[in-house]
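Good morning, and thank you for coming. I would like to walk through one structure with you, element by element. Please keep the sequence and the model in view while I speak.

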Amino acid sequence: MYTIKPLKQAEIMAPLGVVQMLGDMSSLIVAPVFVWLIEGNDRKILVDAGIQEPVNGFVHNFPVLGGGEKGIREALASAGVKPEEIDALILTHLHFDHVAETELFDNARIYIQKREWKSAFNPPIHYRLVYDVEVIQKIEEMDVCLVNGDFKLDEGIELVFLPGHTQGLQGVKVEANGTYLLAGDHFYSFLNLNPPKEQFELEDARGNKIAIPPYPLPFMPPGLHVDLTEWFDSCFKALSVAKRKRILPGHDPSLIGKVFG
Ligand SMILES: [Zn+2]
């Protein structure tokens, strides 16, 4: 019914400890920042709105390549789409690398969880630096829909409430030749979704390899979260929505150039 295209808008460098709770903070990995294009049923829907253009190479102390309006326009152009053609913009959550270019989508209705919206203006202390209030406040002037929990957006597209990484993160269930779940940052990478049972080499967006030891739990939490118990509950909710092999994490380099559906 739909096709799903993860489009790379930027690259961000972060310590392994962001992707993996208690992971090494001195090993740096390069991850893609995606915007996700969903097309079908006469609609063009985008999930997330990218990261801002770096200043002197950095955004919030993270080294970033690409990004900004140019990054979004180029990413969409690679799929033959312009920002004004997007009729719905789903923001999985309001961290700075998911909302920066929202203003470009002024023909779109914008879907955000109400709990995420409230939390962005009064975040937990450790999240104060990952919400850009000036950017988020401008969304108020747009065609914004605050959603309370799971929500059917259209035939074959549903918002799925998955709190834990943030207070109001939402994934997107899409019928695309099988049921897919775009998990946003609930899972940064396939590492969080399929923790290795044996020693494993993680390859980042630049081909750098980092050894990851075996992990005993069914899911590997990321380093950034607001509630770990809720995070694990949301993992099992995700599995009730889509099979493990059809859950797509938010920043995995292996998704660059892929098309689903
Ligand atoms: Zn995030």
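The model is predicted: local features are reported at pLDDT of at least 70, side-chain atom pairs count only at pLDDT 80 or more, and totals for chains, interfaces and linings use all residues. Residues are numbered from 1 along each chain as its sequence is written.

In strand 5, Val 64 is the bridge partner of Ile 12. Helices and strands here are DSSP runs numbered from the N terminus, helices being H or I of at least four residues and strands E of at least two. Two strands pair if DSSP finds at least two bridges between them. Strand 1 and strand 5, the latter covering residues 62–66, meet this with 3 bridges in the antiparallel sense.

Strand 1 also pairs with strand 2, residues 28–40, again antiparallel, over 12 bridges. Ile 4, for instance, has Ile 38 of strand 2 as its bridge partner. A residue is buried if 20 or more other C-beta atoms lie within 10 Å of its own, exposed if 12 or fewer, and partly exposed in between, with C-beta atoms placed from the backbone.

Where do these strands belong? They are part of an open sheet of 8 strands in the order 4-5-1-2-3-6-7-8, with mixed pairing. At its edges stand strand 4 (58–59) and strand 8 (144–147), each pairing on one side only.

Next, helix 2. Which of its residues are buried? In this helix, residues 68–77, they are Gly 71, Ile 72, Ala 75 and Leu 76. They cover an arc of only 125° around the axis, which puts them on the same side of helix 2. The arc is that of the directions from the helix axis to the C-beta atoms. The face turned away from this buried side carries the exposed residues Lys 70 and Ala 77.

The buried residues of helix 2 pack against strand 1, strand 2 and strand 5. Contact here requires C-beta atoms, placed from the backbone, within 7 Å of each other. Helix 2 lies across those strands and runs at about 145° to strand 1. For such angles, axes are lines fitted to C-alpha atoms, for helices over the stretch in contact, and the angles run from 0 to 180 degrees between N-to-C directions. Helix 4, residues 114–121, lies across strand 7 (109–113) and strand 8, at about 75° to strand 7.

I turn now to the core. In soluble globular proteins, nonpolar side chains tend to be buried together. A nonpolar core is a set of buried Ala, Val, Leu, Ile, Met, Phe, Trp, Tyr and Cys residues joined through C-beta atoms within 7 Å. The largest one has 74 residues, of which Val 35 and Leu 89 touch the most other members. Strand 2 gives the most to this core, with 8 residues. Beyond four places away in sequence, Val 35 touches residues including Leu 7, Leu 46, Ile 72 and Ala 75.

Strand 10 (residues 157–161) and strand 11 (residues 170–175) run antiparallel and are joined by 5 bridges.

Finally, helix 7. Its 14 residues, 228–241, reach 20 Å from first C-alpha to last, close to the 20 Å expected at 1.5 Å a residue; the expected span is 1.5 Å times one less than the number of residues. Its buried residues are Trp 231, Ser 234, Cys 235 and Ala 238. Seen down the axis, they fall within an arc of 115°, so they line one face of helix 7. On the other side, Thr 229, Phe 236 and Ser 240 are exposed. The buried residues of helix 7 pack against strand 11, strand 12 (179–182) and strand 15.

Definitions and conventions. Contact = placed C-beta atoms within 7 Å.
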